[in-house]
Amino acid sequence: MVRKLLKAGADPDSKDYKSGRTPLFFAVENKNEDIIKLLLENKASIDIQNFAGHTPFLVANGRKYPEICKLLVDQGADSHGMTFDDLACNYKTSNIKYQLKNKLVANQSS
């Protein structure tokens, strides 16, 4: 359905009137990696903010979704200056922690 809507010209950055969330926020909240990837492939703004000033990355981090955080960071999401230590308390999977650490260190050095 999302693919059909995008193909028909739906705006991937349209916000709901209540919270300012875009389809990317809803995909993150539902842990739907396929829809997240589809939206990003169709030019959804990765660092868009809702009315509270949160980004999809901050929502994923707050909900402790390490795989989604990694996916967003790998796609270029702003980690909001968070270091690995800031994120580490939210992640239990050592492999995910290692991958995020490497990505964040690489981003800080560039």
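Helix axes are lines fitted to C-alpha atoms over the stretch in contact, and the angles between them run from 0 to 180 degrees between N-to-C directions. The legends below describe close-up views of a predicted model.

**Figure 1. Crossing of helices α3 and α5 in the predicted model.** Helix α3 spans residues 33-41, and helix α5 comprises residues 66-74. Their axes come within 11 Å and cross at roughly 15 degrees. Since angles under 35 degrees count as roughly parallel, α3 and α5 are therefore roughly parallel to each other. The crossing of the two helices is right-handed.

**Figure 2. Residues at the contact of α3 with α5.** From α3, the residues Glu33, Ile36, Lys37 and Leu40 take part. Their counterparts in α5 are Glu67, Ile68, Leu71 and Leu72. By class, the residues of this contact comprise five nonpolar and three charged, with no polar residue.

**Figure 3. Salt-bridge network of Asp16, Arg21 and Glu29.** Side chains of opposite charge can pair when their charged atoms come close. Arginine 21 forms a salt bridge with aspartate 16, in which the closest N and O atoms are 3.8 Å apart. Arginine 21 also forms a salt bridge with glutamate 29, where the corresponding separation of the closest N and O atoms is 2.8 Å. Arginine 21 is partly exposed at 24% relative accessibility, as is aspartate 16 at 21%. Glutamate 29, with a relative accessible area of 15%, is buried, because buried means under 20% relative accessible area.

**Figure 4. Salt bridge between aspartate 74 and lysine 70 within helix α5.** The closest N and O atoms of this pair are 2.4 Å apart. Both residues lie in α5 and are four residues apart, about one turn of the helix. Aspartate 74 is partly exposed, its relative accessible area being 37%. A search of the whole structure finds three salt bridges.

**Figure 5. Positive phi at lysine 31.** Most residues other than glycine have a negative phi. Lysine 31 is not a glycine, yet its phi is positive, at about 55 degrees. Lysine 31 is found in the loop between α2 (23-29) and α3 (33-41). A relative accessible area of 48% makes lysine 31 partly exposed.

**Figure 6. Positive phi at lysine 43.** Although not a glycine, lysine 43 has a positive phi of about 70 degrees. The loop that holds lysine 43 lies between α3 and α4 (56-62). With a relative accessible area of 69%, lysine 43 is exposed, because exposed means over 50% relative accessible area.

How values were computed. Residues are numbered from 1 along each chain as its sequence is written. This is a predicted model: local features need pLDDT of at least 70, side-chain atom pairs count only at pLDDT 80 or more; totals for chains, interfaces and linings use all residues. Side-chain values use heavy atoms; hydrogens and water are left out. Buried means under 20% relative accessible area, exposed over 50%, partly exposed in between (1.4 Å probe, protein chains only). Angles under 35 degrees count as roughly parallel, over 145 as roughly antiparallel, 65 to 115 as roughly perpendicular and the rest as oblique. A crossing is left-handed if the near helix is turned anticlockwise from the far one by less than a right angle, and right-handed if clockwise. Contact means heavy atoms within 4.5 Å. Ala, Val, Leu, Ile, Met, Phe, Trp, Tyr, Cys and Pro count as nonpolar, Asp, Glu, Lys and Arg as charged, and the others, Gly among them, as polar. A salt bridge is a side-chain nitrogen of Lys or Arg within 4 Å of a carboxyl oxygen of Asp or Glu.
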